[in-house]
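The briefing then goes through it topic by topic.

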Amino acid sequence: MKALVWMGKNKVQMVDTPKPKVIEDRDVILKVTGSTVCGSDLHLLHGSVIELQQGDILGHEFCGIVDDMGSAVTKFKKGDRVVASFQIACGKCYYCDKKWSSMCEKTNANTIENAMYGGRTAGMFGYSHFTGGFAGGQAEYVRVPIGDVNLLKLPDDVPDEKGLYLSDVISTSWNCVVDTGVKEGDVVAIWGAGPIGQMCIDFAFMNGAKRVIIIDNVQWRLDLCKEKSPRVETVNFGKLSGAKAVVSKLKEMCDGRGPDVGLECVAGEYPKTTLHAIELATGMETDTPEILNEMIESVHNFGRVGITGVYVGYTNHFNIGSLMERGIRLIGNGQAPVHLYWEDLLKKIQSGEIDPLRMVSHRVRVEDLDKVYYKFDKKEDHMQKVYVET
Ligand code: NAD
Ligand code: ZN
Ligand code: ZN
């Protein structure tokens, strides 16, 4: 079968590789019909968050048709259309019992404890040995462990093009908004107008936000946000100048106090901001995820900041003073516990309340996935969420 593999920093390649087989009796083999590329795949492409091993099959958002299964699978039959969760959960452990599937204690035996995450989290497709060694779904076939738990049946009136994104981006954006506690009347600022940030606009309004402000420096993405959600306000930080320019702009837009809530939908490579507070003060380069300082300083006193963008390890020069004195609630949203939300979110897609297609820019064939990675990385041709047909 064809599959997309990691070949080293900034290099991916389509290769021919053996089709996966049922190994355990709860496995499902899926014939992939649709997949996509996520902002997280770019961190993997760059080798910036973790480094994969050569030959690892990428992809953690996919849907397909049940092709084969082990003897213990009870919920599905051959030919069923399903979407997979990007988290692999056992369905039975302490965390799975609470539907916090991204924290499953059983599926990631290989996690390096206290290194990346400060503890154990669930297995994940397409992230290699760091998250259990499960091959991804940017391929013609994929093995889904514990299929009864990690697959959701797609009804006839939800096409693959809409159901696919329950895997990750829809569930992740929903988690970002509700886990950070967006409520009636809030003013919500979203950092990052990628697919995650774009879905957060809709979800913030759906959860009662009075105003939503989105911040990025890619003008066409901000224009797209405005086109799809005319109520959203946009800030192009590339057009601002001076230290703490975003902080000042947001204060100015929100009665001098700032928004109630900040949602971090960027991350990956400790993105530089206009803040540069420490650099300016000390003349030294720092390892600060400046965007977090920018968010903490922007929101109003007792405001909330949720982090969905992926960070690993430790950091320094973090504005704990502002956090403490001003009562800022900093919330790590975690890898989204897809199983907690996906059945409800599927109903919202069915009813038309959620439109996943708002973020989809291209439809491509699986054979072209390598080219898609490079284009997506450079945001060429206004590429963002792609639907990869297999
Ligand atoms: P993306 O790369 O398409 O979008 C990120 C956007 O952030 C880009 O438009 C970029 O221009 C913008 N940006 C860069 N620096 C900025 C700054 N200083 N201020 C404001 N905006 C800035 O990514 P995506 O697919 O939308 O994903 C967003 C993040 O969410 C990524 O870090 C991804 O890894 C993460 N993610 C988390 C989960 C989870 O479960 N927690 C799941 C999926 C993705
Ligand atoms: Zn993802
Ligand atoms: Zn579990």
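Which residue in S14 is the bridge partner of Gly262? In this predicted model, the bridge partner of Gly262 in S14 is Val305. The notes below begin with that strand and then turn to the domains, the core, the ligand and some details of the backbone.

**Strand S3 and its partners**

- Six of the eight residues of strand S3 (residues 28–35) are buried, and therefore this strand is largely enclosed by the rest of the structure.
- Seven bridges connect S3 with strand S4 (residues 62–69), and the two strands run antiparallel; in this pairing Ser35 stands opposite Phe62.
- S3 is also joined by four bridges to strand S8 (residues 141–144), in an antiparallel arrangement, where the bridge partner of Lys31 is Tyr141.
- Two bridges link S3 to strand S17 (residues 385–389), and these strands run antiparallel as well; here Ser35 has Val388 as its bridge partner.

- The domain assignment of the protein gives domain 1, made of 2–168 + 336–389, and domain 2, made of 171–332.
- The centres of domain 1 and domain 2, taken over C-alpha atoms, are separated by 27 Å.
- The contact takes 23 residues from domain 1 and 18 residues from domain 2, and on the domain 1 side helix H1 and helix H12 (338–350) each supply at least two residues.
- Sorted by class, the side of domain 1 that touches domain 2 has 13 nonpolar, six polar and four charged residues.

**The largest nonpolar core**

- The largest nonpolar core holds 107 residues, and Val188, Ile190 and Cys200 touch the most other members.
- Helix H6 gives the largest share of this core, which is six residues.
- Because domain 1 and domain 2 both give residues to this core, it lies between them.
- Leaving aside residues up to four places away in sequence, Ile190 touches Gly197, Cys200, Ile201, Val212, Ile214, Ile215, Leu263 and Cys265.

**Ligand 1 and helix H1**

- Ligand 1 is surrounded by 34 residues, and the closest are Gly39, Ser40, Gly192, Gly194 and Gly309.
- Helix H1 (39–46), helix H6 (195–206) and strand S11 (211–216) each supply at least two residues of this shell, and the largest share, four residues, comes from H1.
- The shell around ligand 1 has 16 nonpolar, 15 polar and three charged residues, and at least three of its residues are drawn from each of domain 1 and domain 2.
- The buried residues of H1 are Gly39, Ser40, Asp41, Leu44 and Leu45, and what covers them includes strand S1 (2–8), strand S2 (11–16), H6 and helix H13 (369–378).
- Just after H1, Gly47 takes a positive phi of about 65°.

- As background, most residues other than glycine have a negative phi.
- Asn10 has a positive phi of about 60° although it is not a glycine, and its place is in the loop between S1 and S2.
- Is Asn10 buried or exposed? Asn10 is exposed, because 12 other C-beta atoms lie within 10 Å and a residue counts as exposed when that number is 12 or fewer.

Conventions
Residues numbered from 1 in each chain as written. Chains lettered and ligands numbered in written order. Predicted model: local features only at pLDDT ≥ 70, side-chain atom pairs only at ≥ 80, totals over all residues. Near = placed C-beta within 6 Å. Nonpolar A, V, L, I, M, F, W, Y, C, P; charged D, E, K, R; others polar. Domains from an automatic or database assignment. Buried ≥ 20, exposed ≤ 12 C-beta atoms within 10 Å, placed from the backbone. Pairing = 2+ DSSP bridges. Contact = placed C-beta atoms within 7 Å. Core = buried A, V, L, I, M, F, W, Y, C linked by C-beta atoms within 7 Å.
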